[in-house]
Amino acid sequence: MDIKHPAINKLREMQRLTEEQIDLVSKEKEKSGLPLGYLLIRFGLMNFSEWYDLLFNEFKVNTIDLDTVNIEKEIILSLPEFTCRKYQVLPVFKDSKKIICAMVDPLDREVIIQISKIAGMDIEARLIKEPDLKKNIDKYFSQVAFPDTKGVNGKILTPLEMNVSTETTAENAFIAMVSQSIELKATDIHLETEEEKLRLRYRINGVLYEFPPPYVELYSPIVSHIKVLANLDIAEKRVPQDGYVKLRIKDRFVDLRVSTYPMSFGEIVALRVLDKKNILAGLELLGFSPETLHRWRMLLDEPYGMLLVTGPTGSGKTTTLYSSLMEIDNVHKKIITLEDPIEFHIENIDQVQINPKTGLTFEVALRSILRQDPNVIMVGEIRDPQTVATAIRAAQTGQMVLATLHTNTAPGAITRLLDMGVEPYMIASSIIGVLSQRLVRTICPDCKEEYSPADEEIKELGLQGRPGIKFYRGAGCHKCKGTGYTGRVVLSELMVLNEVLRAMIMHNPALSDLKTGAMKFGMKTLRMDGIQKVLDGITTSSDVMYATRKEDE
């Protein structure tokens, strides 16, 4: 594999790169689409000055000095921030036909073509050193995100220079962060302090992306402002605190779950952005295969028994449980949930906030809740043998119990319960199904492109011997902010227990045997579901491989 880039032959002539190094960079470029020069710097094959000198001296590429330029906000927004960071580019000047951009690698035609598609205009490139480009991307997008901290000619001003209070500026910066998270469809906001700087990151489609933070003088006022909104103790900075905030931003209500945590340089803050529209969207919108969705709905119609939803933190278990509860007749059935914390308040469902500090644990709540005559009980998380035993007894006495458990696979939930000391006969007589799931990013439909996968990709997914196979990826566009992804979809495996599997459980089966038995009766593994979604052009092979790498553990 080789790259169509004029610098490659020159580097060969100079004996600056070996064929093995060229092949390494070529494969990464084919996979990621990143500029060649940036990849050479990332891999440590050249430093930024060597790359700059090569293009300037050998190829006479025009350069640009951004220290002498003040870029207008309208021009900066010609390209999404994701695009600028991914392709190492920053728009500087613009007319009716083209945009002049500062780039780390102005000779990479593939990248320029991609940027031109995203911007909808021709691109004229100028050379800039990689650290200078990063500095200016941080500078200008920080001004876009936090306009209240911008002064004349883009100079960042302190509150005293702006003649406003730190409280007002902190509030504006906080609203700007939340507003930006909504625009980016982020699920979490992370604001962290280091020795002499702040760090702001958003979790978008399951991945953390770093963004320019507010300036460091505002950190303490921002944290105090968040604590006031969440009814937390602003004077207490030595212990973790949790709270809840409900805001109205741009004519919509936003719920935030707040967590503060003491670290060596001060408190860090994590905000979970809760979007009720997404979490109550309905099972059919989560991405389950038609067969899995039908079998899960059949289980929800059962009068009693225990259903488990498993997976690591952040795999969408709560969303699946809430969406499942919305499918159950809550007029003729009494539904009670035990949660820590309650994510959303749902009409016609009784929700209990677990509070271990007052003695209201999952086990205590479960033991007492049966006197409320429920038909359906949802347990937010099974954490200990006592809670398991109480939940199983509820399932055996006529209630439908839905609960979550942290295991990698559906069959793994059974072996986990056995390891927790639950008697095999209790598991076999109460559990009717286990759903394991992960979340993977979905390819943006507006910039989805087809490509022929490398042999390594085909081998990783076990698709050898299938000629002409095609995979898909997102090239990046305005609608997906240059990421190539929009939203996430569920990968799932559903094990429905029958008499044969129940008999296996009675004899403490090995995980591999239980998995083989479940597959014999129709269970599709997470990897199998992911492969089908790759072939259908829903997600990428790399996302599936990453999400299912522990499915056999």
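I began with strand β10, which pairs with strand β15 (residues 431–443) in the parallel sense over 5 bridges. This is a predicted model.

Then I checked the pairing of β10 with strand β14 (residues 400–405). The two run parallel and are joined by 6 bridges. Leu 307 has Leu 402 as its bridge partner in β14.

Is β10 mostly covered or mostly open? I found that 6 of its 6 residues, 305–310, are buried. I noted the side-chain directions too. Gly 305, Leu 307 and Val 309 point one way from β10. Met 306, Leu 308 and Thr 310 point the other way, and all of these are buried.

**The open sheet**

Next I traced an open sheet of 6 strands. I wrote down its order as β6-β5-β4-β9-β8-β7, with antiparallel pairing. Which strands are at the edges? They are β6 (207–211) and β7 (241–249), and each pairs on one side only. From one strand to the next, the twist averages 25°.

I zoomed in on β5 (residues 198–204) and β6. They run antiparallel, and 5 bridges join them. I picked out Arg 203, whose bridge partner in β6 is Leu 208.

Then I looked for a helix on this sheet. Helix α11 (residues 219–229) lies across β4 (186–193), β5, β7, β8 (252–263) and β9 (266–274). I noted that α11 runs at about 50° to β9.

I turned to helix α1 (residues 6–13) and helix α4 (residues 48–58). Their axes come within 12 Å and cross at roughly 100°. Angles of 65 to 115 degrees count as roughly perpendicular, so α1 is roughly perpendicular to α4.

Which residues meet here? From α1 I listed Ala 7, Lys 10 and Leu 11. From α4 I listed Trp 51, Leu 54 and Glu 58. I sorted the residues of this contact by type: 4 are nonpolar, none is polar and 2 are charged.

**Ser 179**

I found Ser 179 in helix α10 (residues 166–184). Is Ser 179 buried or exposed? Its relative accessible area is 13%. Buried means under 20%, so Ser 179 counts as buried.

I checked what surrounds this serine. A polar atom of the Ser 179 side chain lies 2.8 Å from the backbone oxygen of Ile 175. I then left aside the neighbours within four places in sequence. Ser 179 is in contact with Ile 249 and Lys 250.

I looked for positive phi values next. Gln 15 has one, about 55°, although it is not a glycine. I located Gln 15 in the loop between α1 and α2 (19–32). Exposed means over 50%, so Gln 15, at 72% relative accessibility, counts as exposed.

Lys 185 also went on my list. Its phi is near 60°, a positive value in a residue other than glycine. I placed Lys 185 in the loop between α10 and β4. With a relative accessible area of 70%, Lys 185 is exposed.

Last, I checked a proline. Where is Pro 341? I found it in the loop between β11 (335–339) and β12 (350–353). The peptide bond from Asp 340 to Pro 341 is cis, and its omega is near 0°.

Methods: Residues numbered from 1 in each chain as written. Predicted model: local features only at pLDDT ≥ 70, side-chain atom pairs only at ≥ 80, totals over all residues. Heavy atoms only, no water. Axes fitted to C-alpha atoms, helices over the stretch in contact; angles between N-to-C directions. Helix = DSSP H or I, 4+ residues; strand = E, 2+ residues; numbered from the N terminus. Parallel < 35°, antiparallel > 145°, perpendicular 65-115°, else oblique. Contact = heavy atoms within 4.5 Å. Nonpolar A, V, L, I, M, F, W, Y, C, P; charged D, E, K, R; others polar. Pairing = 2+ DSSP bridges. Buried < 20%, exposed > 50% of the residue type's maximum accessible area, 1.4 Å probe, protein only. Polar contact = N/O pair within 3.5 Å; in protein donor to acceptor, adjacent residues only side chain to side chain.
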